[in-house]
Amino acid sequence: MIKRLVSYVMAMFLLLPAIGQESLLTEMEDSIPSREKVTAAFKSTRVINAHSVEMLHKGNLDFRILHRFGNVNDGVKEWFGLDNASMRMSFDYGLTNNLMIGIGRSTFRKELDYFLKARLLQQTTGPGAMPISLLVATGSTIWTESSDPYKTNITKRTAHYVQLIAGRKFNESFSLQLSPILLHRNLIEAWDTDNTIFAIGGGARYKVSKRIAFTIDYHHALNSLPSTNTDPLSVGVDIETGGHVFQLHFSNVVGMNERAYIAQTTDEFFKGDIRFGFNLSRIFKLGTKKK
Amino acid sequence: MKKVLLVVLIISASLQTTIAQKKFISKTAKISFYSKAPLEDIEAHNTKALSAFDAGSGQIEFSVLMKGFEFEKAKMQEHFNENYVESDKFPKAVFTGNIKNPGDLKLDKDGTFKAEISGTLTLHGVTKSQHVEAVFYVKNGFVTAVADFAIAVADYNIKIPSLVAEKISKSIKVVVNVASYQQR
């Protein structure tokens, strides 16, 4: 009996230092909620052409230079399209972490565009997690070309859009988004049927390494557009270096604003009317306090 | 004999409580790191690190969520989490160590106490031994602690692409500051 007790007590003493070696922090860590924002579903605020579920952070200025070259199947005479380039330059700015604005200008039809984009829902992890991110983007385009044969006024030259972007980062590599868009053009060509187009957009990215991801960006109009119109499709690769994101891609798209790529894409991707293009994004932090 | 055993039991129980009384915790430990490279100085701060130490045994621990480090540039923060420390795979960094001379820390009177801590730092899935010299301050029963040490990025299998080698230092200075430990 006593022997048994002695061994029991000895066991207790042996256990003491063992208890001491246990992590001091275990209980504390459990008391902290693990709810976190899911960030970096896409590398950039655009999948390729379309708005992505990513936003600029407050005070960040994104200077973007976009190029779309000529068709690769123009052959060696046009240096596989590289002799011709259409471009758009833009400045986007994050007013808050959930609200950004941007202004851009394209050489294609000398079009100005501006937009406002806001985050409504943020995907999170942990208890009570939000499964998706939801954003809304709205903007206008203004056709500034002076060679307008219709001599139209400024109202006629504008088009407006509103777009919802719902997306989810499924895992570290794969993100997917759907983006229905309503586009209204005040002026349409004679062969166009509707001023207002409703289209569904889809975008995805798959990360193959820490700094490289494949992307795809596609839109399909639900209206019956003129038979010359085709669905804009772009496939590309995002390459991230320290301060830049390079988005290199092949697509059938010339226009780089919402009106142009949804309503004015006429090349057929699968018949080889493919052009090379790139987006270059450089982010500057503004309003930094000097220490 | 049974009485003796009872006394031993009581002593061991009371011993446990006195050890428990010497435990200190903080949920607001500040951990900062600094990288000084030719082209860019980088710093980040995390003010929500957890820390606990046992004045009796000298055991001391830190745990910090990598996503809680705040950078001045949002893109830098994103790259830190996505490309360097891979926070989704390795969400936290943990330091566990032992103060070599815990008996020198007098909690009941004001003063400073230099501590030699040897332990291990786990970061980016790699555990390395780490020696830290820390200073504890005791004032009116409040305990604060500061420490700094340097770690080599390569030790923790964090790769810096040659393209940005001029922007990120290979050696990172880590500064730890626990403003107020709470006794529990």
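Predicted model: local features only at pLDDT ≥ 70, side-chain atom pairs only at ≥ 80, totals over all residues.

Colleague: How many bridges link β13(A) and β14(A), and in which sense do they pair?

Modeller: In general, strands of a sheet pair through backbone hydrogen bonds, parallel or antiparallel. Two strands count as paired if DSSP finds at least two bridges between them. Here β13 (residues 244-251) and β14 of chain A pair in the antiparallel sense over eight bridges. Phe246(A) stands opposite Leu280(A) in β14(A).

Colleague: Which residues of helix α2 of chain B are buried?

Modeller: An α-helix has 3.6 residues a turn, so residues three or four places apart point the same way. Helices here are DSSP runs (H or I, at least four residues), and strands are E runs of at least two, numbered from the N terminus. Buried means 20 or more other C-beta atoms within 10 Å of the residue's own, exposed means 12 or fewer, and partly exposed is in between, with C-beta atoms placed from the backbone. In α2(B), residues 74-84, the buried ones are Ala74(B), Lys75(B), Met76(B), His79(B) and Phe80(B). Their cover includes β2 (60-71) and β14 (275-285) of chain A, plus β2 (41-54) and β4 (70-71) of chain B. After the helix comes Glu86(B), with a positive phi near 50°.

Colleague: Why is Asn83(B) classed as partly exposed?

Modeller: Because it has 19 other C-beta atoms within 10 Å. Asn83(B) is found in α2(B) and, leaving aside neighbours within four places in sequence, is in contact (C-beta atoms within 7 Å) with Lys210(A) and Arg211(A).

Colleague: And which residues touch the most other members of the largest nonpolar core?

Modeller: A nonpolar core is a set of buried Ala, Val, Leu, Ile, Met, Phe, Trp, Tyr and Cys residues joined through C-beta atoms within 7 Å. The largest has 36 residues, and those touching the most other members include Phe24(B), Ala49(B) and Ile117(B). β2(B) gives the largest share of this core, five residues. A second, separate core of 15 residues includes Tyr161(A) and Met256(A).

Notes. Residues numbered from 1 in each chain as written. Chains lettered and ligands numbered in written order. Contact = placed C-beta atoms within 7 Å.
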